[in-house]
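Thank you all for coming.

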Amino acid sequence: MFVKDEMLYKALYCGMCKSIKEGSGGMARTALTYDTAFMSALVHNLSNRDVTVKKRRCALHPFKRRYMAVPDETSVLLGCVNTALAYYKLLDDRLDGDKKGLLAFLYRRGFRRAAKKHPEAVKIIAAQLEAQAALEREGCAVIDMACEPTARMMQQLSAYILGDAATEHTDGLFYDLGKWIYLADALDDYDKDVKKGRYNVLYNAFRAPDKAAAAAGNGEEINFIFNTLFADMREHLANVKFHFNHDLTDNIILLGIPAKTRALVYGRCGRGKKPEKQ
């Protein structure tokens, strides 16, 4: 990633922290992720909404001002979406018996603020997550079917956020991103889900005892699924209209996402014991 893109990424991340506070309250900021900063870069560019970056202080860095994007209508909306997703995720964890689910109460007030400010976005999230939960309760073993609610959720949210700037190719791009998010989570949680007896579509599809065995025995199918998805992303990306420099989002979609996928499937290179010096 170029230095200029890294600086913008960090500025968007800090700006999203401010935006979440503005839309959902201070506690909701603890759920901030870099994924939301990426979405901010992508949505602002596609909708031709410029980002204003200024040097400001924050609670974590009170003595040194940092570059951060100034909150605007779009970033506050994305912050509300981030809060709603975090809240529903913790509720789901609680149902699964995960101790993290007990933290849901910390986001309840922020969720209510987000739902009041953007009820349509929260309605989309709630409906698709319920559809997702229904498939999981049924033990769905069809990978494409299990991915569908998350993919549709991202597609519908993008149409709501982009408004008149939405096209069939932005719909397709966000659909693919949603599908990837679901599959990446399934890969990342494979061993943990198997150990705890929780639903995982890849386990239901392959019945391998762990992720390493799934990759060894079904590597060709896994690669086909992801390579098809990446090809579709590239096609949509080539047909959407960007209004500003899109090096940052291209880097993440074309390079970062495939690299992250390889790491999830096969592990990261360079791990393990260092070779002895000669």
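The largest share of the lining of the second largest pocket, six residues, comes from helix H1. Before I go on, please keep in mind that this is a predicted model, in which local features need pLDDT of at least 70 and side-chain atom pairs count only at pLDDT 80 or more, while totals for chains, interfaces and linings use all residues. Residues are numbered from 1 along each chain as its sequence is written, and side-chain values use heavy atoms, with hydrogens and water left out.

Helices (H or I, at least four residues) and strands (E, at least two) are DSSP runs, numbered from the N terminus. For the spaces, a 1 Å grid is laid over the protein atoms alone: a cavity is a set of points where a 1.4 Å probe fits but cannot get out, a pocket is an open set with protein on both sides within 12 Å along at least five of seven lines, and lining residues have an atom within 4 Å of a point.

The second largest pocket has a volume of about 400 Å³, a volume being the space filled by probe spheres set on the grid points, which are joined across faces, edges and corners. Of the 17 residues that line this pocket, Tyr13, Cys17, Cys58, Leu60 and His61 are the closest to its centre. Helix H1 (3-24) and strand S2 (66-69) each supply at least two residues of that lining.

What about helix H2, and how many of its 13 residues are buried? Taking buried to mean under 20% relative accessible area (1.4 Å probe, protein chains only), the number is 11 of 13, and H2 is mostly covered. The buried residues of H2, among them Phe38, Met39 and Leu42, pack against H1, helix H3 (73-95), helix H6 (143-162), H7 and helix H11 (247-266), where contact means heavy atoms within 4.5 Å. Just after H2, Asn48 takes a positive phi of about 60°.

Definitions and conventions:
Buried < 20%, exposed > 50% of the residue type's maximum accessible area, 1.4 Å probe, protein only.
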